[in-house]
Amino acid sequence: MHSVSTPANSPDDSKAPLSLWHATARNRRSRPAFAGDLDADLAIIGGGFSGLSAALHAAEKGLSVVVLEAEIIAYGATGRNAGFVVPNFAKMDPDNIITALGAKHGERLVRMAAGSGDLVFDLIRRHNIDCDARQSGWIQPAHSAAAFDKVKSRARQWAARGRPAVVLDKGAVRDATGADGYFGGWMDKSGGVLNPVAYANGLATAAEAVGTRIFEHSPVRSIERLADGWRLATEHGHVRAGKVFVATNAYGGKLNSELARTYFPLKVFQIATEPLPASIRERLLPGGQCVSDTRRNLFTFRFDAENRLITGGMHIVGIGADRRVPRTIHRRLAVHLGITDIPPLAYSWSGMAAVAPDFLPHLVDLGPGLIAGFACNGRGIAMTTTMGKVLAEWATGAAATDLPIPFSPPAEIPFHALMRHAPNVLLPWSILQDKMDERGRR
Ligand SMILES: Cc1cc2nc3c(=O)[nH]c(=O)nc-3n(C[C@H](O)[C@H](O)[C@H](O)COP(=O)(O)OP(=O)(O)OC[C@H]3O[C@@H](n4cnc5c(N)ncnc54)[C@H](O)[C@@H]3O)c2cc1C
């Protein structure tokens with residue numbers, strides 16, 4: 001089994017791949033490290049989906065763009081996720097968002113999310129990106145009667161906005177997923193699956209084709225304000241730019257400690273089995289969708305292009321988690337899908353997600369022309385790709401306050417040093433609540 005778990009923002013010195021996706025992407029190639037002095041209209045720190053999508057869209061608008069990546073393209077969450085393209089929000093539905101943000105800002109954000117799956121697959125088609133992409137849909141099965149009521153309302157709200165959202169009854173969920181015991185569910189047909197490392201490398205190549213300069217192994221050490229922009233210092237040179245997008249997500253380390261206190265850094269594990277034999281494969285996900293259910297302790301699964309079964313999970317206690325959690329989620333996969341003879345683990349890896357307290361994407365105002373964005377929350381592929389497009393509008397002159405993503409100064413989470421552990425500490429409580437739901441007590 002290939003097993004890799006590297007701490008945030010530290011170079012990986014083992015020979016094992018960073019993830020299944022790094023091992024299997026066919027279009028990966030290396031880029032030079034930065035040295036010297038460069039001027040650009042837009043400098044981007046971080047070579048994940050956020051930075052690369054912003055680079056592509058800004059360069060297409062005619063800006064000169066430089067991307068500085070500390071490690072390699074897709075080193076962060078971009079190269080370690082599950083490859084689910086999910087065009088909606090993790091917790092809130094359109095009506096809640098409009099209540100929370102007001103009609104004008106709420107509708108803008110909902111509209112942006114609604115088109116986010118299509119944007120990903122359109123880019124893949126337009127730039128001919130070889131990333132095993134399938135716009136096969138995303139399914140959310142309901143683990144309780146109450147959760148089924150909730151997802152029916154969710155599907156109605158997205159369908160009312162013209163989205164291809166359909167409610168699935170119990171039998172339809174079983175037929176589509178092969179999983180028993182769900183009360184029903186819904187599907188957004190504009191979601192789907194891809195190999196995220198291959199998608200990121202495809203975005204990078206497309207951005208380079210319109211003039212973007214991308215550098216790997218080039219960590220930005222400091223950001224200094226100038227009279228007419230910003231100066232980024234790397235070990236071997238400087239980039240001066242009128243505008244800077246900080247796209248470091250949960251991998252930013254000490255670059256901006258204020259920013260690091262605005263989100264929960266959440267370690268998430270992923271595993272992939274050896275390819276499934278045809279006898280089991282044909283019962284599960286015949287349509288090739290991806291699945292994330294309604295449990296608080298989320299259960300997810302999909303296949304990759306070689307029929308490896310992929311799932312994920314979190315840990316309660318960090319000590320020994322790198323060895324323990326992959327085995328636990330492998331067992332859970334077998335139990336939930338009724339596979340008595342599950343193939344062994346082929347890959348296990350982990351990554352850091354930056355989760356906002358309200359589970360929505362955010363743009364953070366770090367100074368005139370200096371902006372950070374994070375939009376993870378399990379929806380990062382669709383949402384960060386769209387965020388990149390939105391940031392290209394900002395880079396070419398749109399006011400940040402007119403963008404569809406909430407924009408504000410850094411909103412520090414109170415007692416962050418303690419609170420950052422909250423998602424792990426609360427996991428046993430979430431598991432208990434799920435069990436109570438399943439036994440019909442709630
Ligand atoms: C395990 C896991 C599973 C997930 N599953 C899904 C999923 O199935 N679907 C989905 O939509 N979303 C998923 N997500 C979320 C999604 O992966 C993220 O939202 C998305 O990848 C974030 O992209 P990003 O470009 O903002 O950040 P990242 O991909 O984290 O990139 C940040 C980059 O910044 C670089 N960097 C940091 N500091 C510096 C510096 N000083 N100088 C230069 N570069 C720097 C890092 O090296 C890194 O490459 C998952 C996340 C995790 C962790």
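Biologist: Which residues does Ala 43 touch, not counting residues up to four places away in sequence?

Modeller: The model is a predicted one. In soluble globular proteins, nonpolar side chains tend to be buried together. Here, Ala 43 touches Val 66, Leu 68, Leu 232, Val 239, Ala 241 and Val 244, with residues up to four places away in sequence left out.

Biologist: How many residues has the largest nonpolar core, and which have the most contacts inside it?

Modeller: The largest nonpolar core has 130 residues. Those with the most contacts inside this core are Leu 42, Ala 43, Ile 44, Ala 55, Val 65 and Leu 68. Helix H12, residues 380–395, supplies the largest share of the core, 9 residues.

Biologist: How is the packing of two helices to be described, and at what angle do H5 and H12 pack?

Modeller: Two packed helices are described by the angle between their axes and the distance between the axes. Helix H5 (residues 116–126) packs with H12 at an angle of about 80 degrees, and their axes are 8 Å apart. Angles of 65 to 115 degrees count as roughly perpendicular, and H5 and H12 are therefore roughly perpendicular to each other.

Biologist: Which residues of H5 and H12 meet?

Modeller: From H5 come Ser 116, Gly 117, Leu 119, Val 120 and Leu 123, which meet Ile 381, Ala 382, Met 383, Thr 385, Thr 386 and Lys 389 of H12. Sorted by class, this contact of H5 with H12 has 6 nonpolar, 4 polar and 1 charged residues.

Biologist: At what angle do helix H2 and helix H8 pack?

Modeller: Helix H2 (residues 49–60) and helix H8 (residues 196–209) pack at about 25 degrees, with axes 9 Å apart. H2 is therefore roughly parallel to H8. The crossing of these two helices is left-handed. H2 contributes Phe 49, Leu 52, Ser 53, Ala 55, Leu 56 and Ala 59 to the contact, and H8 contributes Ala 200, Leu 203, Ala 204, Ala 206 and Ala 207. By class, the contact of H2 with H8 has 10 nonpolar, 1 polar and no charged residues.

Biologist: Why is Arg 324 classed as partly exposed?

Modeller: A residue is buried with 20 or more other C-beta atoms within 10 Å, and exposed with 12 or fewer. Arg 324 is partly exposed because 14 other C-beta atoms lie within 10 Å. Arg 324 is found in helix H11, residues 321–336.

Biologist: In which helix does Lys 435 lie?

Modeller: Lys 435 lies in helix H15, residues 427–438. Lys 435 is partly exposed, with 14 other C-beta atoms within 10 Å.

Methods. Residues numbered from 1 in each chain as written. Predicted model: local features only at pLDDT ≥ 70, side-chain atom pairs only at ≥ 80, totals over all residues. Axes fitted to C-alpha atoms, helices over the stretch in contact; angles between N-to-C directions. Helix = DSSP H or I, 4+ residues; strand = E, 2+ residues; numbered from the N terminus. Parallel < 35°, antiparallel > 145°, perpendicular 65-115°, else oblique. Left-handed = near helix turned anticlockwise from the far one by under 90°. Contact = placed C-beta atoms within 7 Å. Nonpolar A, V, L, I, M, F, W, Y, C, P; charged D, E, K, R; others polar. Core = buried A, V, L, I, M, F, W, Y, C linked by C-beta atoms within 7 Å.
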